[in-house]
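Please keep the model open while you read.

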Amino acid sequence: MSRVGPLRRLSDFGRALAASRTGLAQADRLGAAALWHLQEQRLEKLVHHALRHSPAYRDLYRGVDLDRLSLGALPPVTKPQLMARFDDWVTDRRLKATDLERHLESLSQDELYLGRYRVMATSGSTGRRGVFVYDRADWRRNLANFARLNERYVGVHPRLRPRLRVAAVGATSPVHISVRTGLSAAVGINRVLRLDARRPVGELAAALQAFQPDFLVGYPSVVALLAHEQQAGTLRLCPSQIATVAEGRTPEMTDAIRSAWRVEPFEWYGITEGGVLAGDCQHHQGLHLFEDLFIVEYVDGDGRPVPDGEVGHKLLLTNLFNWTQPLIRYELSDMVALDSRPCACGRTTRLSQPSKDGATTSCCSPDRPAPRSRSIPWSCAVRSPPCPWSVSTRSSSRRRAFACFSSWRTRRPSRKRSERFDPALSPRWPTSGRPRRGFSSKSSTGWSVSKATAPSSS
Ligand SMILES: [Zn+2]
C-alpha cells in the first residue's frame, strides 16, 4: 500500500482537467454516427485487451465470432458471475480478490495497491459485494469525466481566489468511489467539508451552518431534510449550486430544495463500476449519458432492447475506459427510460429519465438500495457569480448566514439556470460542416482527439 504524493496527485488532476476540456467536451457533441464509430473503436480495443489478458473473458467468448465484432453477439455478464472468477477477470495476474479485500479493510485515505491501483467496493447489501480496481490511467479518465460534469454541466470550476466552499453530505469511507474521487481531486484549491449523511440532521445543519457552502452535494433525502430546516428558519445557507446523488429524487424533494434555496438542483447518476454515468445539464431535461466512455443498453427481462421512452428491466453497461477490470455488457438492475430527443443544450448524447417514485430509480433499484457511494465533488469552484452573501469574507459565518437568510426573501427571482450558464463554456457545434474527428489511444489520459477518421455525424 502506498500513498499518492502531492505532485503525482496534482499531475493526474491537471492531465484529467486538460482532457476534460478537450476530448471529452468535444465528444459530448459528436453526432450519432461519429459517436457510434468512436464507441466501436474503443469497444474493439477493449475486447481484444480482455481476450489477451483476462482468462475469464477468453472462456466467455469462446465460440463467438470476434472477427466481425458485434456488441449484441457478446454474452452479458453479471456481478456474481464475474466476482466468482475475480482473479481471472482482472487483466493483471497480481490482483487477487483475497488480497484486495484485505487492502480495502486497511484503507484510510487515497492509498494505492501495488503503487498503481485504486480499489473500491460496492455496498453488497443485497448479495456479494463487488470489488472494482482502476489503474492510474483508468482513474485519470474517471477524473476527467468528473471534471467534465462539474465544469461543463454544472458550471463549477477550479478556482484559487476566492476559494470556494464545497460541502458533500454522503459517504465518508474511501472504499466508496465518490469519496476516492473527491480525495484524489483534492489538490488544495478549494475548501471541502465532507459530512457523514448518517449523522443526525441537527448535527449536519450545525456543521453546514458554520461552513456556509457555496456548492452543496448530497443524498436527496438528506438535502431535502436540510431544506426543511432552512424553511423552518433553523438553518441559514445560501448555496449557489446544489447537486444530488446516490438516491432517486422525488418531485417533493425537488420542490423542497427549490423552495428553500431558489436553486434548481442538478442530479448525478454514479456507479462504482464506472464513476459518473450520467448527469443533467442546465436545462434539466434528463440525465445526459456519457456515451463516449460507456455503452449503455436498456433491455427487457428477456434481454431484448427496449424502445425509447419505455422503462427497461435492466441495463447492460460497457465501461470503455477501465482496462484493468473489463466490464462488457455488465448487468445492472437499474430501471430507467431512455430519451433520444435532442436536449436544448445542443448536446447529442441520449438522455436517461429515471423514475421519480424513488423505488425504481436509476440509483435505488431493488438490487441497488441507496448504496450511498456516488459522486461527491472534487475541490471545485462555481464559475457563475456566486451568491454575494455566501462568498467567503472576513465576516463571521453567523453574519453571512443572517444576511443570506434575510436577503433571499426580497431579492429578485433568480435567473433561469439556462441564463446563468455561460454558453462560452460549451459552444455548440455547427449543424453542418461538423469537424470529422476520432480518437487515438495515446495521450495524457490514454485518449485524445486525433486526425480522425470518424464518419460525418448525422
Ligand atoms: Zn442538455
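In strand 12, L332 is the residue that stands opposite L315. The model is predicted: local features need pLDDT of at least 70, side-chain atom pairs count only at pLDDT 80 or more, and totals for chains, interfaces and linings use all residues. Residues are numbered from 1 along each chain as its sequence is written.

**The sheet**
- Four bridges join strand 11 (residues 314-319) to strand 12, and the two run antiparallel. Strands (E, at least two residues) and helices (H or I, at least four) are DSSP runs, numbered from the N terminus.
- The open sheet has three strands in the order 10-11-12, with antiparallel pairing. Two strands pair if DSSP finds at least two bridges between them.
- Strand 10 (294-299) and strand 12 (327-332) are the edge strands, each pairing on one side only.
- Helix 2 (residues 32-53) packs on the sheet and touches strand 10, strand 11 and strand 12. Contact means C-beta atoms, placed from the backbone, within 7 Å.
- The direction of helix 2 makes about 100° with that of strand 12. Axes are lines fitted to C-alpha atoms, for helices over the stretch in contact, and angles run from 0 to 180 degrees between N-to-C directions.

**Helix 10**
- Buried residues of helix 10 (residues 220-232) include P220, V222, L226 and Q230. Buried means 20 or more other C-beta atoms, placed from the backbone, within 10 Å of the residue's own.
- The buried residues pack against strand 3 (165-170), helix 9 (201-211), strand 5 (215-218), strand 6 (241-244) and helix 11 (251-261).
- Just after helix 10, G233 takes a positive phi of about 90°.

How values were computed:
Contact = placed C-beta atoms within 7 Å. Expected span 1.5 Å × (residues − 1). Buried ≥ 20, exposed ≤ 12 C-beta atoms within 10 Å, placed from the backbone.
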